[in-house]
Amino acid sequence: MFGAGIFVTTVVAGAVSLVKPFTVASRPFLRDVIFYMAAVFWTIVILYRGTISLGETLGYLGLYVVYVITVIASAYIYSHQKHSATRSSIQSSTHVPEFQSSESDDEAILISNSSIQEDYDSEYCPLLPYCESTSSILLSSLNPVDSRIWRRKSWRWRAIKIVKMPLEVLLLLTVPVVDPDKEDRNWRRPLNCLHLITAPLVCVLTFRSGEYGMYQIEDQFPVWALTLLFGLFLSAIVFLTTTNNHPPPYHSLFSLLGFVVSAIWISAAALEVVSILHMLGVVFSLSNNLLGLTLLAWGNSIGDSFSDVTIARQGYPQMAISACFGGIFNMLIGVGIGCLMQMFNNEPVVTFEPAGLLTWALAGSLGLSLVLSFILVPLHCFHMGRSYGIFLLVALLTEFGFIHTGSQ
């Protein structure tokens with residue numbers, strides 16, 4: 001967690017500043033950095049003490065709740081102030097009729113665009129009514145390949161697609177997707193009914209490596225079998241009370257089911273990746289701290305790196321830098337929930353054993369990067385230019401010995 005925080009707040013934040021220099025919003029930036037520093041220094045104190053109690057664990061979760069409330073309250077206050085300023089400027093303006101006419105022109109443009117879209121949609125509607133059978137809907141829904149895209153792609157893309165197809169079919173079978181942008185909201189009656197069977201089975205057989213799914217009720221009936229019967233019952237009810245063409249009123253509940261199953265799949269994949277990386281650490285005789293600083297940190301943050309830099313290139317550097325300093329979620333929720341589950345399983349007090357000097361080096365480096373950002377960015381009038389990005393990258397390389405000073 002410390003390694004990922006260092007990577008994101010230095011390398012990724014520096015890359016965003018190099019790609020797209022900009023002026024950051026002062027209050028949100030200071031708010032995120034202050035809360036992040038509070039979480040880091042609190043974690044350092046707990047590591048120094050070596051133990052964490054139930055109250056301190058709940059304090060982690062409470063601090064994140066306070067952070068969320070602060071974000072919502074500040075957004076509400078900002079929008080209210082902006083709305084009040086806009087209203088006062090409109091009232092003081094002497095060109096009110098021109099504003100109203102422009103507004104009516106905009107409405108006329110929107111109406112004309114909507115009518116054009118309706119004409120376009122009606123033009124491509126089929127002349128004769130066509131009802132697709134249930135089996136064909138199921139087969140087309142489980143097909144991860146678009147034939148039109150397949151014909152245009154190269155053989156390398158097709159080879160990679162063939163390798164990915166089993167996993168994509170598995171996800172299509174188990175994860176329901178509700179798309180509000182589509183007219184039918186992506187309602188696929190046979191597939192959604194199948195989701196009511198497969199999704200609960202995935203949850204009970206994957207969560208905690210299937211520990212709860214294999215549990216025997218009174219040493220006779222397994223939980224996974226009871227889940228299967230319950231899924232079959234729900235699936236039969238939905239199939240008999242719905243049609244292929246119109247989604248039911250409760251179709252939005254499938255998005256909640258899809259969210260839960262997606263989280264279970266991500267958790268299972270993450271556990272397997274961590275196990276493989278720990279195996280590599282044993283093979284190459286790497287400590288857990290060094291493994292967390294390198295492989296685990298890079299693997300955890302490479303998605304943030306690509307997404308944040310891409311967002312900055314598209315002209316949204318403020319969003320990218322906010323994501324860089326939004327790692328407070330991983331620290332507060334990750335440590336809080338992890339310690340809370342540990343307390344429920346074993347003891348009311350969790351013991352930490354920092355392994356060597358590298359743990360303190362990681363914690364101190366993350367705290368130092370946050371303090372420097374807290375000082376340097378306001379000194380530059382909250383302008384994050386290329387000098388800030390170069391400084392962060394050089395500071396990180398110097399901290400870990402890639403750049404040696406003259407005294408060294």
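Arg31 and Asp32 are both buried, a class that here means under 20% relative accessible area, with exposed set at over 50% and partly exposed in between (1.4 Å probe, protein chains only). Their side chains meet in a salt bridge, with an N to O distance of 3.2 Å. A salt bridge is taken as a side-chain nitrogen of Lys or Arg within 4 Å of a carboxyl oxygen of Asp or Glu. The model is predicted, so local features need pLDDT of at least 70 and side-chain atom pairs count only at pLDDT 80 or more, while totals for chains, interfaces and linings use all residues. Residues are numbered from 1 along each chain as its sequence is written, and side-chain values use heavy atoms, with hydrogens and water left out.

The whole structure holds five salt bridges. Another of them joins Glu56 and Arg49, at 2.2 Å from N to O. Glu56 belongs to helix 3; helices (H or I, at least four residues) and strands (E, at least two) are DSSP runs, numbered from the N terminus. With a relative accessible area of 15%, Glu56 is buried, whereas Arg49 reaches 46% and is therefore partly exposed. Neighbours within four places in sequence set aside, Glu56 is in contact with Trp42, Arg49 and Thr51, where contact means heavy atoms within 4.5 Å.

A pair of aromatic rings is described by the distance of the centres and the angle of the planes. Rings of Phe, Tyr and Trp (its six-membered ring) pair if their centres lie within 6.5 Å; planes under 30 degrees apart count as stacked, over 60 as edge-to-face and the rest as tilted. Five aromatic pairs are present in the structure. In one of them, the ring centres of Trp42 and Tyr60 are 4.9 Å apart and the planes stand at 10 degrees, so the pair is stacked. Because Trp42 lies in helix 2 (residues 26-49) and Tyr60 in helix 3 (residues 54-92), this pair ties together parts that are 18 residues apart in sequence. Trp42 counts as partly exposed because its relative accessibility is 26%, while Tyr60, at 1%, counts as buried.

A further pair, Trp150 and Trp157, is edge-to-face, with 6.2 Å from centre to centre and 65 degrees between the planes. Trp150 has 24% relative accessibility and counts as partly exposed; Trp157, at 30%, also counts as partly exposed. Phe35, Tyr64 and Tyr67 form one aromatic cluster.

Charged side chains also meet aromatic faces. Lys153 lies over the face of Trp157, at 5.7 Å from the ring centre, and Arg189 lies over the face of Phe239, at 3.8 Å from the ring centre. A charge is said to sit over a ring if NZ of Lys or CZ of Arg is within 6 Å of the ring centre and within 35 degrees of the ring normal.

Asp179 lies in the loop between helix 7 (155-174) and helix 8. Its relative accessibility of 22% is why Asp179 counts as partly exposed. Not counting residues up to four places away in sequence, Asp179 touches Arg185 and Asn186. Asp179 and Ser255 are 76 residues apart in sequence, yet their C-alpha atoms are 8.8 Å apart in space. Arg188 and Asp184 form a salt bridge of 2.8 Å, N to O. Arg188, with a relative accessible area of 25%, is partly exposed, and Asp184, at 23%, counts as partly exposed.

On the surface, Tyr215, Ile217, Phe221, Leu226, Leu229 and Leu232 form a nonpolar patch with about 560 Å² of accessible area together. Patches are made of residues with over 30% relative accessible area and no salt bridge; like charges are joined within 9 Å, and nonpolar side chains (Val, Leu, Ile, Met, Phe, Trp, Tyr) within 5 Å. Accessible areas come from the Shrake-Rupley method with a 1.4 Å probe, and for residues only the protein chains shown count as cover. Helix 9 (residues 223-241) supplies the largest share of the patch, three residues. Tyr215 is found in the loop between helix 8 (189-206) and strand 3 (216-217), and counts as exposed because its relative accessibility is 55%.

Overall, the protein has 15 helices and six strands. Of its 408 residues, 31% are buried. The protein exposes about 25500 Å², of which carbon and sulfur atoms supply 67%. Among contacts with a separation of 6 or more, residues 24 or more positions apart account for 76%.
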